[in-house]
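Thanks for coming, everyone. Please put the structure up on the screen, and I'll talk you through it.

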Amino acid sequence: TPEWITHPVDQSKIYMTDLESALHYILHIEVGKFKDLEGERLTALKNFVSVLAKYYPGQPLVRNFLHTMDVWLRRQQRTSIPYVSLGMAMKSWREDVLLPRKSIWVGCQGSKPHFRGFPCSLWILFHSLTVQAAQRNEYLQKKADPQEVLQAIRGYVKFFFGCRECAKHFEQMAAASMDRVKSMDDAILWFWNRHNRVNARLAGTATEDPHFPKIQWPPKDLCDSCHNEIQGDPVWDLGATLKFFKSHFSLRNIVIDRKR
Ligand code: FAD
């Protein structure tokens, strides 16, 4: 019997291993597909790394690494950066020690290798970034620009996400309404709602891991108060859902060690 059946992971938690594996995959596989980083793609990378440097909910050394990378990218005068230069720079900042050398999935482990994995971790990363941006702002009592975070994610998906069909669908949703998001709380809900739309579209298709059905999330057992009813019809309680997101994707809910 496979380990994921005998020791199922706690779906109410976020796993640091998934987030770090997402970073590894982004920096080595997806960005590494481009021999030279230039033009709009380079701008997209700079914007995304800048948002990661600000809001990635990582351990101090990993956050420091992202900060160093952000400063390095911003200081580049070149209009075209060979990926090997970035790779060498990352090595000099000990990236190979700080991040896993290959992607390992915990909360995003599928029942077969072709299920879940990186796309799952990318969603978790995106939700975490919006929640961290909202919380960092509440704490510092200054207003973050929701568009900074949203557009950086949009640029990453458009120029780097290897699932081109996913990127095309996502860009359609972004083009339709992303510009109108005015607050960090709405940015959190925008991502929640769009992710659920993707879940609805994919439910029952070949991309669905039979052991992890595509549902409208969060289910009642994760957040009962998120579910409400008006005259017998199910509706979301947006206030409760926002509150749930701020706790589910908070630093406190991240499991640092696999401990199993
Ligand atoms: P995922 O949908 O990846 O979700 C990961 C985890 O997030 C879940 O296990 C759950 O804990 C949590 N979660 C679920 N729903 C929500 C929600 N609404 N809000 C917050 N957290 C939630 N695949 C396609 O085949 N076609 C596409 O067009 C497509 N577009 C995509 C666009 C983007 C931007 C991304 C990141 C992925 C896309 N994918 C697409 C991949 C697909 O959405 C899933 O990531 C993949 O099928 C793996 O599914 P999963 O079961 O691991 O759950």
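Helix 8 crosses helix 9 in a left-handed way. Left-handed here means that the near helix is turned anticlockwise from the far one by less than a right angle; clockwise would be right-handed. Before going on, a caution: this is a predicted model, where local features need pLDDT of at least 70, side-chain atom pairs count only at pLDDT 80 or more, and totals for chains, interfaces and linings use all residues. Residues are numbered from 1 along each chain as its sequence is written. Helices are DSSP runs of H or I with at least four residues, strands are runs of E with at least two, and both are numbered from the N terminus.

Back to the pair. Helix 8 covers residues 146-159 and helix 9 covers residues 164-177. Their axes come within 9 Å and cross at roughly 150°. Axes are lines fitted to C-alpha atoms, for helices over the stretch in contact, and angles run from 0 to 180 degrees between N-to-C directions. Helix 8 and helix 9 are therefore roughly antiparallel. The cut-offs: under 35 degrees is roughly parallel, over 145 roughly antiparallel, 65 to 115 roughly perpendicular, and the rest oblique.

Who makes the contact? Arg154, Val157 and Lys158 from helix 8, with Ala167, Phe170, Glu171 and Ala174 from helix 9. Contact means C-beta atoms, placed from the backbone, within 7 Å. These residues split into 4 nonpolar, no polar and 3 charged. Nonpolar is Ala, Val, Leu, Ile, Met, Phe, Trp, Tyr, Cys and Pro; charged is Asp, Glu, Lys and Arg; the others, Gly among them, are polar.

Helix 8 has another partner. Helix 3, residues 39-55, packs on helix 8 at about 135°, axes 8 Å apart. That makes helix 3 oblique to helix 8. This crossing of helix 3 past helix 8 is left-handed. The contact residues divide into 8 nonpolar, 4 polar and 4 charged.

Two backbone details. The peptide bond from Trp217 to Pro218 is cis, with omega near 0°. Pro218 sits in the loop between helix 10 and strand 4 (227-230). Arg94 has a positive phi, near 65°.

Last, confidence. Mean pLDDT, the predictor's confidence in each residue from 0 to 100, is 94 for the protein. The model scores ipTM 0.99 and pTM 0.96.

Definitions and conventions:
Contact = placed C-beta atoms within 7 Å.
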